[in-house]
Amino acid sequence: MAAGAACGAALAALTVPAAEAGPLGRGPVHWAPKDPGTTQVRFRGLAAVDRRTAWLAGTGGTVLRTTDGGTSWRNVSPPAAAGLEFRDVEAFDARHAVVLAIGEGEASRVYRTDDGGATWTESFRNTDPKAFYDCLAFFDRRHGLAMSDPVDGRFRILSTSDGGRSWRVLPADGMPPALDGEAGFAASGQCLVTSGPEDVWLATGGGAHARVLHSADRGLTWTAAETPVPAGDPAKGVFALAFRDRGHGLAVGGDYRPDQSSPRSAAVTADGGRTWTPAATPPPAYRSGAAWLPHSRTAALAVGPTGTDLTTDGGRTWRTIDTGSYDTVTCTPDLSCWAAGEKGRVARLEH
């Protein structure tokens, strides 16, 4: 069966409860594939603006953009970027976007476009061989952060106040010490997420505990909280976060190695990340991305290489509703959800 048909058949069982249906409607929905014209690129970066406009960032320095709901895609990759690994993209509209390339030393870079990808400006290139940037997140069109794995024992934070046109490293004295082996995961662009004008959360793994760090002042000072998601290995931890407001959030992750199980792969918080409770029925395997359904207080999606899961009780219980492979997922205020992953897989949630 073709990948798209398999996804559609599996997701046909996704029926949002009437109380939570809202703008998604009360009928069944499914992942509808949106062919980007390539099967060679893994898209871990995804930024959906609305039902019609979305940006993808992936391997081989690839950036694609659609403005017609995924019917057609334009290759808007930065020139001479073929050797870069784009893992995150943040888009403000159809013309303005920022992308992050990951890697050690100068492989970590940030680019910005103001004309829909026709031209790009490199606004940051890492020169510290100890830094490795994982994720980007914006509070609004001007203010945003990028995070690096620990440098000299603390996670490093970049800040912009001009929409990603320039960046500065924030002082490290407001960041708690990192655990031995602790790092972030550049798996879905969701290891750093924001809610509102000042709150931001950072997900970790690899250390003795999988933690979530929270800042209420745009990255100047942070507090750390342990989660029940297993860690203690470079392949284990929290890979993605999703907050529907400054109090209620989800954490998903596990062990990304396909031959390893991932018990306790999800957790939930109702106090802004100060405490985390394990999901009573978590996803059955490692999950790398998560998103709340539009305008819902209790429904959310989690995705990973082995499937998509749905919760309708705020993250306490999850059920698998698709077995297709996706790395990242996002939803927009105008009622759309998008997912992307390996082998050029892109889809939008539709009736």
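**Exercise 1. How much space lies in the second largest pocket, and which residues lie nearest its centre?**

Some ground rules before we start. This is a predicted model, with residues numbered from 1 along each chain as its sequence is written; local features need pLDDT of at least 70, side-chain atom pairs count only at pLDDT 80 or more, and totals for chains, interfaces and linings use all residues. Side-chain values use heavy atoms, with hydrogens and water left out.

Step 1: A pocket is an open set of points on a 1 Å grid over the protein atoms alone, where a 1.4 Å probe fits, with protein on both sides within 12 Å along at least five of seven lines; lining residues have an atom within 4 Å of a point. Volume is the space filled by probe spheres set on the points, which are joined across faces, edges and corners.

Step 2: read off the space, about 500 Å³.

Step 3: look at the lining. It has 30 residues, and Arg 44, Ala 187, Phe 239, Tyr 256 and Tyr 286 lie nearest the centre.

**Exercise 2. Find the rings that link Phe 239 into a cluster.**

Step 1: set the cut-off. Rings of Phe, Tyr and Trp (its six-membered ring) pair if their centres lie within 6.5 Å; planes under 30 degrees apart are stacked, over 60 edge-to-face, and the rest tilted.

Step 2: follow the ring pairs. They join Phe 239 with Phe 185, Tyr 256 and Tyr 286.

**Exercise 3. Work out what the pair of Phe 243 and Trp 276 ties together.**

Step 1: get the geometry. The rings sit 6.1 Å centre to centre with 90 degrees between the planes, so the pair is edge-to-face.

Step 2: Phe 243 is in strand E19, while Trp 276 is in the loop between strand E21 (266–269) and strand E22 (277–278), so the pair ties together parts 33 residues apart in sequence. (Strands are DSSP runs of E, at least two residues, numbered from the N terminus.)

Step 3: check burial, meaning under 20% relative accessible area with a 1.4 Å probe, protein chains only (over 50% is exposed, in between partly exposed). Phe 243 counts as buried at 11% relative accessibility, and Trp 276 counts as buried at 9%.

**Exercise 4. Describe the largest pocket.**

Step 1: its volume is about 1,100 Å³.

Step 2: of the 39 lining residues, the closest to its centre are Ala 48, Glu 90, Thr 194, Thr 330 and Cys 331.

Step 3: find the main contributor. Strand E27 gives the largest share of the lining, 5 residues.

Terms used. Helices (H or I, at least four residues) and strands (E, at least two) are DSSP runs, numbered from the N terminus.
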